[in-house]
Each structure stands twice: as C-alpha cells, then as structure tokens.
Amino acid sequence: MEILKLENIHKSFNKREVLKGISLSLHRGEIFGFIGPNGAGKSTTMKIIMGFIKPSSGKVFIFGKENTDSNLKREVGFLPEHPYFYTNVTGKEFLKFVRLVSGVEPKEFWNRVDIYGKKLEISWALDKKLSEYSKGMLQRFGILQTVVCEPELIILDEPMSGLDPIGRRIVMDLILELKANGKTVFFSTHILPDVQRVCDRVGVIVGGRLTDIVEGKDIENIEELFLERVKEAGLKEVL
Ligand SMILES: Nc1ncnc2c1ncn2[C@@H]1O[C@H](COP(=O)(O)OP(=O)(O)OP(=O)(O)O)[C@@H](O)[C@H]1O
C-alpha cells in the first residue's frame with residue numbers, strides 16, 4: 001500500500017488553473033524530492049495533501065485513506081514554507097503545546113526533544129523566547145517540532161530555507177536518519193545538490209504539471225533536466 005497517493009489533482013485559484021492533474025505515489029521509507037521553479041505549484045500541492053486547501057478535483061490518499069479522515073493527522077508531520085510561531089514564548093513552552101496536541105507521553109516526548117534537539121543543534125536555545133531566534137534557528141525549531149512527534153509521513157516545504165551550510169548538512173543527515181527508521185519523507189527545495197544527496201526519487205513540477213519522476217542514477221543529471229523542462233515551458237523565472 002502506498003503511504004501517499006495523489007490522484008489527478010487539479011486546483012484553480014480565481015479561475016486560473018495552477019495544478020493541472022498531479023498524480024503521484026510515495027512508497028514507505030523513501031525520500032521523495034519535489035522541485036520546480038517559483039510558482040510551479042509545490043506549496044499548493046503540499047497544502048492539498050495536508051487538507052488545508054481543497055483540490056478543485058482529484059483525491060489524496062494517506063495510508064490508503066482519503067485525507068479528509070481526521071484520524072490521519074497524528075501520523076503526518078508538516079513543516080510549512082513560512083512557519084508561523086507565536087514568538088512571545090520560549091521554545092520549551094511552545095513544545096509543551098505541541099506535546100498536548102500530539103498526545104505523546106511526557107517522558108517519551110521530552111526524551112525525543114532532547115535527542116532531536118541535539119541533532120538539530122537547537123537544544124541550547126530552548127529556554128530562550130522564540131522572538132530571540134535567528135531565521136535559521138526558527139527553521140531548525142520548526143523541523144524539531146515536526147519530527148519530535150515521529151510521524152510516519154513527513155512533509156517539509158523548503159526545509160533548507162534560511163539554513164547555513166552546516167544547518168543544511170544537519171537537516172540532510174536527519175532526513176536520511178528518518179528514512180533509516182522507516183519514515184517516508186516528501187520535501188520541496190530549490191537546492192538541487194541536496195536532492196542529489198538524499199533523494200530516492202525526485203518529482204519535477206513545472207507550470208502545475210508533474211513533468212518527470214526521476215530516480216536512481218538519473219538524479220545526477222537533474223539540473224540539466226530541470227533547466228530543459230523550464231526552457232520548454234518558456235518560463236523566465238528559474239530557481
Ligand atoms: N491562495 C492563493 N490565491 C491565488 N493564487 C494562489 C494562491 N496560492 C498560490 N497561488 C498561485 O498558485 C501558483 C502556485 O503557487 P505555489 O505557492 O504552490 O508555488 P511554489 O511552487 O510553491 O512556488 P515557490 O517555489 O515560489 O514557493 C502561483 O502562481 C501562485 O501565485
């Protein structure tokens with residue numbers, strides 16, 4: 001059974017079609033990268049998967065159930081492109097709220113905060129207010145609160161955004177570790193070397209169409225393919 005399945009997703013905003021029939025399946029334990037130029041439809045696809053916006057037509061299945069099933073929410077972790085945090089609280093105070101929503105036992109939850117916080121090198125800052133965090137620290141914190149619930153499916157919209165090279169490496173290593181633990185990761189990015197480093201498969205979306213799904217050795221040539229597809233679509237704005 002597929003972990004995630006998109007069936008012919010169409011989406012229009014104000015009569016403009018931005019997703020033109022996206023079909024896609026993710027298998028358990030794979031890392032799937034999602035690349036495409038600005039405005040291609042990556043974030044819209046992810047928001048539709050999460051059920052935050054409705055497709056104009058088409059269906060999304062998570063673990064074989066339609067994503068309208070509210071029981072699924074705890075098994076799916078999501079990091080939005082621009083995570084919004086109420087910043088007048090400390091990292092720990094925010095995480096207390098995450099724990100309540102997650103339903104994970106306190107001991108287990110704080111143990112995970114300790115483990116993932118160290119991996120993401122953000123533990124040291126958890127007693128500080130989020131308003132004092134730098135952009136990269138907030139991004140690491142956002143990833144921490146996504147993975148700490150240990151969902152089966154992890155959806156990350158541009159997780160490398162705002163991270164320095166060390167932060168990027170840390171997040172890449174974490175994504176690989178999640179895979180090693182059997183988790184399925186679906187992430188979007190503009191950083192092609194990152195998809196080359198970690199992805200099992202890569203979906204290319206241009207102008208709301210999934211033009212290619214690239215796997216194995218072909219991922220090495222993803223940049224040429226990407227530029228070719230953008231050129232074919234006649235788009236001027238790249239990356
Ligand atoms: N709420 C909305 N109302 C109207 N148009 C929208 C809305 N959300 C997205 N769009 C449009 O849908 C298209 C796809 O946007 P989306 O954010 O999914 O692209 P993206 O691939 O994530 O881009 P980026 O790489 O810049 O983050 C864009 O043309 C965008 O302007």
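Mentor: A residue is buried if 20 or more other C-beta atoms, placed from the backbone, lie within 10 Å of its own, exposed if 12 or fewer, and partly exposed in between. This is a predicted model, in which local features need pLDDT of at least 70 and side-chain atom pairs 80 or more, while totals for chains, interfaces and linings use all residues. Residues are numbered from 1 along each chain as its sequence is written.

Trainee: How many residues of strand β7 are buried?

Mentor: Strand β7 spans residues 153-157, a strand being a DSSP E run of at least two residues and a helix an H or I run of at least four, numbered from the N terminus. Leu-153, Ile-155 and Asp-157 point one way from β7, Ile-154 and Leu-156 point the other way, and all are buried.

Trainee: Which residue in β8 stands opposite Asp-157?

Mentor: Strands pair if DSSP finds at least two bridges between them. On one side, β7 runs parallel to strand β6 (residues 76-79), joined by 4 bridges, and Gly-77 has Ile-154 as its bridge partner in β7. β7 also pairs in the parallel sense with strand β8 (residues 184-188) over 5 bridges, and there the residue opposite Asp-157 is Ser-188.

Trainee: Are α4 and α5 roughly parallel or roughly antiparallel?

Mentor: Gly-136, Arg-140, Ile-143 and Val-147 in α4 meet Gly-167, Val-171, Leu-174 and Leu-178 in α5, contact requiring C-beta atoms within 7 Å. The axes of α4 and α5 (residues 165-180), fitted to C-alpha atoms over the stretch in contact, come within 11 Å and cross at roughly 10 degrees. Angles under 35 degrees count as roughly parallel, so the two helices are roughly parallel.

Trainee: In the open sheet, which are the edge strands?

Mentor: This sheet has 4 strands in the order β2-β1-β4-β5, with antiparallel pairing. Within the sheet, β1 (residues 4-13) and β4 (residues 57-62) share 5 bridges, and His-10 has Ser-57 as its partner in β4. Pairing on one side only marks the edge strands, β2 (16-26) and β5 (65-66).

Notes. Axes fitted to C-alpha atoms, helices over the stretch in contact; angles between N-to-C directions. Parallel < 35°, antiparallel > 145°, perpendicular 65-115°, else oblique. Contact = placed C-beta atoms within 7 Å.
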